[in-house]
Amino acid sequence: MNTTPSTTHARAKAAPARALAANASRLLLLVATRKGAWLFHGDGRRRSWKVDGPHFLGHSVSHLQLDPRDGRTLLAAVKTGHLGPTIFRSTNLGRTWKEASRPPAFAQPSEGGLPARAVDHTFWLTPGHASETGSWYAGTSPQGLFRSDDGGASWAPLASVNDDARFRAWMGTVQDGTPDGPKLHSIIVDPRDPARLLFAMSGGGVHESHDGGRSWSTLVDGLQVVEGFDPANVSFHDPHCVRLCPADPDRLYQQNHCGIYRLDRPATRWQRIGRKMPRRVGDVGFPMVVHPRDPDTAWVFPMNASDVWPRTSPDGHPAAYVTRDAGKSWQRLDHGLPQSQAWWTVKRQAMTVDALPTPALYLGTTSGELWIGHGEGARWALAARHLPEIYAVEVGTPAPGRA
């Protein structure tokens, strides 16, 4: 797999950016699919890549994450045919894997309490705060929140969410929500404060804690729901993906089932910023990606939002869209992408961005293609094809020691 180096937007910045990119010796793309996982080891210029995989061939991998605190530990959320839903952990960048001794599982209900539930699959993985080595969070389907304090080897449920009657009402039933089951996702840890946590549920809204998950407040003010439903009922809210800006942790972006939004804390009301998207495209999709250093820059990847919900690229002409002014305007980015008859979409975890001086975007499609958007998405190049349906794409910087 070969790519060309990224471009810069300003000639004056080109030479420093190239020098910094050269110092970033390696990148690691983590691709989770319906039938296994793949690792793509790349150089800092994104010119060449070495493929490692498949891992867990034939098994459903919802999410694959590299621990940024050590650059070596990988966690994989896997649903296997013989072990069921579980977590696998590697401390050597995927050379060997070991199953969690206690994967995420709901606590047994007390007599006369809330109905029992069983984890169908772990959907989302988030490393904990930099100051809390070994901490991880996991979100499951049906909706549940779990924490590990030993690097993902064992997991404990957070009763403040999983066993709270109010949350359980918002979660609905396993027959509700997305086609492959309701989910708890978009788990966020504030880089300034490990006690500030956020997560979203499809369905069930967006929620925030300032005390490490002991108590929660709901952030749905200003969000719309499907016509005919009551927005005052939190269970009808369907956030698809929520992101926090690394450069301004008080700013949140959201791709929702009903639009694109921004929230600047301490305000509590979301502003719909997708109204400026082209009318024929709309502002419905799954992923939301934010710039690593510019809080005004974010990307989305729209899908067809007609009444029949085909969940494909509008008109079979896929494109990312970028805002560089916090949602006041949007620009189409489709150079290099198929211009017709490309009826795929990008799932909520399947689009990400690296942190090099001129970032590149990475996305995986439901038809098994992996794309790289050089120059912040200005020029797209096909990096891999014929993979299984891609569920998630992440990028990180591995520690030295393995090519």
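**Exercise 1. Determine whether Arg265 and Glu208 are buried or exposed, and describe how their side chains meet.**

Solution. Both arginine 265 and glutamate 208 are buried in this predicted model. Buried here means under 20% relative accessible area.

Step 1. The contact between the side chains of arginine 265 and glutamate 208 is a salt bridge, with 2.6 Å from N to O.

Step 2. Arginine 265 belongs to the loop between strand 18 (259-264) and strand 19 (271-272), whereas glutamate 208 belongs to strand 14 (residues 205-209); the pair therefore ties together parts that are 57 residues apart in sequence.

Step 3. The two residues also take part in a network of salt bridges that links Asp190, Arg192, Arg196, Glu208, Asp250 and Arg265. In general, side chains of opposite charge can pair when their charged atoms come close.

**Exercise 2. State how many salt bridges a search of the whole structure finds, and examine the one between Arg46 and Asp354.**

Solution. Step 1. The search gives 20 salt bridges for the whole structure.

Step 2. In the salt bridge of arginine 46 with aspartate 354, the closest N and O atoms are 2.9 Å apart.

Step 3. Arginine 46 is placed in the loop between strand 2 and strand 3, and aspartate 354 in the loop between strand 24 (351-353) and strand 25, so this pair ties together parts that are 308 residues apart in sequence.

Step 4. Arginine 46 and aspartate 354 are both buried.

**Exercise 3. Classify each partner of the salt bridge between Arg251 and Asp296 as buried, partly exposed or exposed.**

Solution. Step 1. The side chains of arginine 251 and aspartate 296 form a salt bridge of 2.7 Å, N to O.

Step 2. The partners come from distant parts of the chain, 45 residues apart: arginine 251 from strand 17 (residues 248-256), and aspartate 296 from the loop between strand 20 (285-290) and strand 21 (298-302).

Step 3. The limit for buried is under 20% relative accessible area, and partly exposed lies between that limit and 50%. Arginine 251 has a relative accessible area of 11% and is therefore buried. Aspartate 296 has 29% and is therefore partly exposed.

**Exercise 4. Describe the surroundings of strand 26 and its pairing with strand 25 and strand 27.**

Solution. Step 1. Side chains in a regular strand alternate between the two faces of the sheet. In strand 26 (residues 370-373), Leu370 and Ile372 lie on one side and Trp371 and Gly373 on the other. These four residues are all buried, and both faces of the strand are covered.

Step 2. Strand 25 (residues 361-364) pairs with strand 26 in the antiparallel sense over 4 bridges. Leucine 370 in strand 26 has glycine 364 opposite.

Step 3. The hairpin of strand 25 and strand 26 has 5 residues between the strands, and glycine 368 takes a positive phi near 85° there.

Step 4. Strand 26 and strand 27 (residues 379-384) run antiparallel and are joined by 4 bridges. Alanine 381 in strand 27 stands opposite isoleucine 372.

**Exercise 5. Give the strand order of the open sheet of 4 strands and identify its edge strands.**

Solution. Step 1. The order of this open sheet is 3-2-1-28, with antiparallel pairing.

Step 2. Strand 3 (49-55) and strand 28 (390-396) are the edge strands, as each pairs on one side only.

Step 3. On average, neighbouring strands of the sheet are turned by 15° against each other, direction ignored.

Step 4. Strand 1 (residues 26-33) and strand 2 (residues 36-43) run antiparallel, with 8 bridges between them. Arginine 26 has aspartate 43 in strand 2 as its bridge partner.

Methods. Residues are numbered from 1 along each chain as its sequence is written. This is a predicted model: local features need pLDDT of at least 70, side-chain atom pairs count only at pLDDT 80 or more; totals for chains, interfaces and linings use all residues. Side-chain values use heavy atoms; hydrogens and water are left out. Buried means under 20% relative accessible area, exposed over 50%, partly exposed in between (1.4 Å probe, protein chains only). Helices (H or I, at least four residues) and strands (E, at least two) are DSSP runs, numbered from the N terminus. Two strands pair if DSSP finds at least two bridges between them. Axes are lines fitted to C-alpha atoms, for helices over the stretch in contact, and angles run from 0 to 180 degrees between N-to-C directions. A salt bridge is a side-chain nitrogen of Lys or Arg within 4 Å of a carboxyl oxygen of Asp or Glu.
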